[in-house]
Each structure stands twice: as structure tokens, then as C-alpha cells.
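My entries follow the display.

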Amino acid sequence: MPMQQGGGDDGCKDQRATGNPVRDSGAPSDSPPPFPSTESPSSEKLEHEDEQQQAGPSLPEDALVEILSRVPYRSLRRFKCVSKPWLALCSATDIRRRSPQTLSGFFHFGVDGLMFHNLSGRGPPMVDPSLPFLRRSYKRVTVEQCCSSLLLCQCAGKSCSEEYDYVVCNPATERCHLLPPIVLPDGQPHTLDPSNIFLGFDTAAPSSFLVFAPMSSYCDEFAEVAIYSSDTRRWTFVQSNWGGKTFLVGNPECVFLNGIMHMTTHHSSVATVDAEGKVWRTIEIPGVMPNRYDNAMASIGQSQGRLHAWRIDYHHDCQLYVWVLVDYESGKWSLKHTVNVLELFRMHCRKDVESYTMFAIHPECDLIFLTDGEEMTMSYDMDNQKVHVICTSEEFLGGLPYTPCFAE
């Protein structure tokens, strides 16, 4: 199968992870936006520069706003460089809030701490990975989870104190929400386990989010779950109805979909609970023997509004299996795609120390992301079976998928 160099892009069908947007056959290779003109003024026109800038866009402003509000944010950023009128227009808050968003890149940890890798593979990071708006109040910031557009961070103060806060923030708007501590009904404080905190956010309701905190008791069995709502600004406690012992893998192995939190377990299943803690269930993951400890752990993600699960079978030449949950009520899965990972990475065989990971699936199309954990990261299109190399160094070996959201 063909392998090409390049990162990803915003599109899913015509704009794959090649870093080369598809253009009309009759358009020049670097066609500018159709309005306003992007031509640089010649020397004899310099005296009219101020007049041209004051004139602004030639179309009615209402029409421009309506058009630009349908343009992805990445394109808006590029349009800002056209001229001062375009900079002002594309920076308008109303346009950014209404602009459709898609997967923009990945938060990941590198030699310089928290970093951000653009899906396009080009240009400066879409967001500032240093999170300066948090650094003004905290000395140490650790990203525990990314749920679509929000980050769940563990933050330590500027002092040498061992105490830390949990903050949910939106890097696009720099809005932050400090989670209050959990106080048990008997008045005793409960210390949160950073690996067992699950953030739930849906861009359809951008003003709200949920946090699920399973609370372990005897033998690490989760008998109770604390649920925080940003609307009520308080924790509620509900008894777990999963039944038996539920050992969660921990974040970021979770998916918030249709108001329900999905968390993978060590027993080859997905444990779910709704926002109110009233509906509990477990969904078995196919193709995994629950009593075999040499199984590779299954992972989950959401794409095109459906829950997906995947795993790499190291006992059968590193075969990757991707399933989609086609019937949520019955828990019926369908095998969506299978491919040999060694062939993707052009390896003849796997050494014992080698490990491959599929770390994400595109939320809007059948594009998956894999890494060998050492130097190569790639995307693979399950539709046309094309491979595109994203990185061939240790700089980016997987991360947390991020989609910006400017709505409030």
C-alpha cells in the first residue's frame, strides 16, 4: 500500500492526512480566498494603502459573517494574514464561536514538557501547549485527560506544598473551572485518584461538563461513583450497579458519548454510567479472551457518533482489529476493519521489545493513528487503505486528540 510523507489536515474525505488540500482543477496552486483581494499593493499604490484598508471587504458584512462562520478555525487563522480588515473580521468572537471545528491535533509530552502537534503537520501549534493562563496561578500543570475540547489538569501551587487542584479548562477560550474537593457524607475528605477521574464533555452543550470519579473500597472494587456537574457545581454520590468487581483501566481510556461515560476495564469490557448515575451496564468487547492475561489491552474511541473498540493481536502477526458498536441496546459489535500492523510500518517481523499502538481514531471519518513508540507515527485511512507518515522522529509518538471549541 502506498506510503506518503506528511501530516494530517482538517478534512476526512478529500483532505486526508497528506497536508495537501484538494483544489479545483482550474484553480491555481495557491488560490487566495475569493474576497477581499489578497494582492499586495504595488509601489505606485502605496499611498492608497490606508484607503484600501479602510474600505474593508467588498461584500456586505452580514454575508461575510455568515460565510466565515461556516469555515473551519484553521482556515480562519490563515485568512487573518491576508490584511488588516481580514484580521479584524476573522477575529470576531461571533464568527469563532459559530465556526465548525474538527480534529486539530494532539496534546502530548516531549522533552520540553507538554507539547501540541498540529494534525496538518505545518505551522505553529494551534494552541499554546504551555497553557499560560494556568501558569499564572500554578507552578506545575499536568494534563490528565482531554475530552474533545476540554482538558482535565492536575495543578500544583507556586509553593512547595504537596496539595494540588483539579482544573477543567478550555485552551481555546482560556476559561477555567476549579473542581471543589470531594467531601464524603460523613464529613471526611476524599483524595482523588488522578488515574480514575473521567471528564465528560459534548460540544453540543458547550457550557456544561461532567466529571466522574469512581471511588474504590475493599479490594479496589468501585462501590460508589462521585459525579460532578458544572451546572450545579457540586458532587453527587451514587451507588455502583455494575455488579461484581470492576477494575477500570483508567483515563484516558474513556469515551463520553450521548451523555454516557464509557470506561474500559481489565476484564475486556466497557463499563458505562449515565450523567445522573441511574443507568449502569457493561458491554463486552469482542475478540478478546477475558481469562487470558497475555491479551493486548483493548481501547475505545468514538467516530461518527458511534463507539469503536480496537486491539492489536500480537499472537497473530500483529493484526489490528477495529470494531464498531452497531446496536447499542443489544451490545452488538461489527468488525469494521482489520490490517497487519507490521505491513503498515514495513516490518518483516516483530521483535519481543517492539510494541505498536493505535492511539486515536478521527471523530468524523475512518482515519486512525498509530505509532511504533520509538520513532514513527502515522495515519491510516481504513477506506482507501492509504498510509501517511506524520512523524519519523521521537518528537511525536501519540497523544490526546483535541478539537477546539470557542462556544461558551
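Does Phe359 count as buried or exposed, and at what relative accessibility? I looked up Phe359 and found 17% relative accessibility, so Phe359 counts as buried (buried is under 20% relative accessible area, exposed over 50%, partly exposed in between, with a 1.4 Å probe and protein chains only). I note that this is a predicted model, in which local features need pLDDT of at least 70 and side-chain atom pairs count only at pLDDT 80 or more, while totals for chains, interfaces and linings use all residues. Residues are numbered from 1 along each chain as its sequence is written, and side-chain values use heavy atoms, with hydrogens and water left out.

Next I looked up the ring pairs, and the structure holds 15 aromatic pairs (rings of Phe, Tyr and Trp, the last by its six-membered ring, with centres within 6.5 Å; planes under 30 degrees apart are stacked, over 60 edge-to-face, and the rest tilted). For Phe106 and Phe359 I found centres 5.4 Å apart and planes at 75°, so this pair is edge-to-face. Phe106 is buried, with a relative accessible area of 1%. I then turned to Phe345 and Tyr356, whose pair is tilted, at 5.0 Å centre to centre with 40° between the planes, and both of these residues are buried. Ring pairs also link Phe106, Phe359, Phe369 and Phe396 into a cluster.

Last, I looked up the contacts of Glu253 (heavy atoms within 4.5 Å): leaving aside residues up to four places away in sequence, Glu253 touches His262, Met263, Thr264, Ala298, Ser299 and Ile300.
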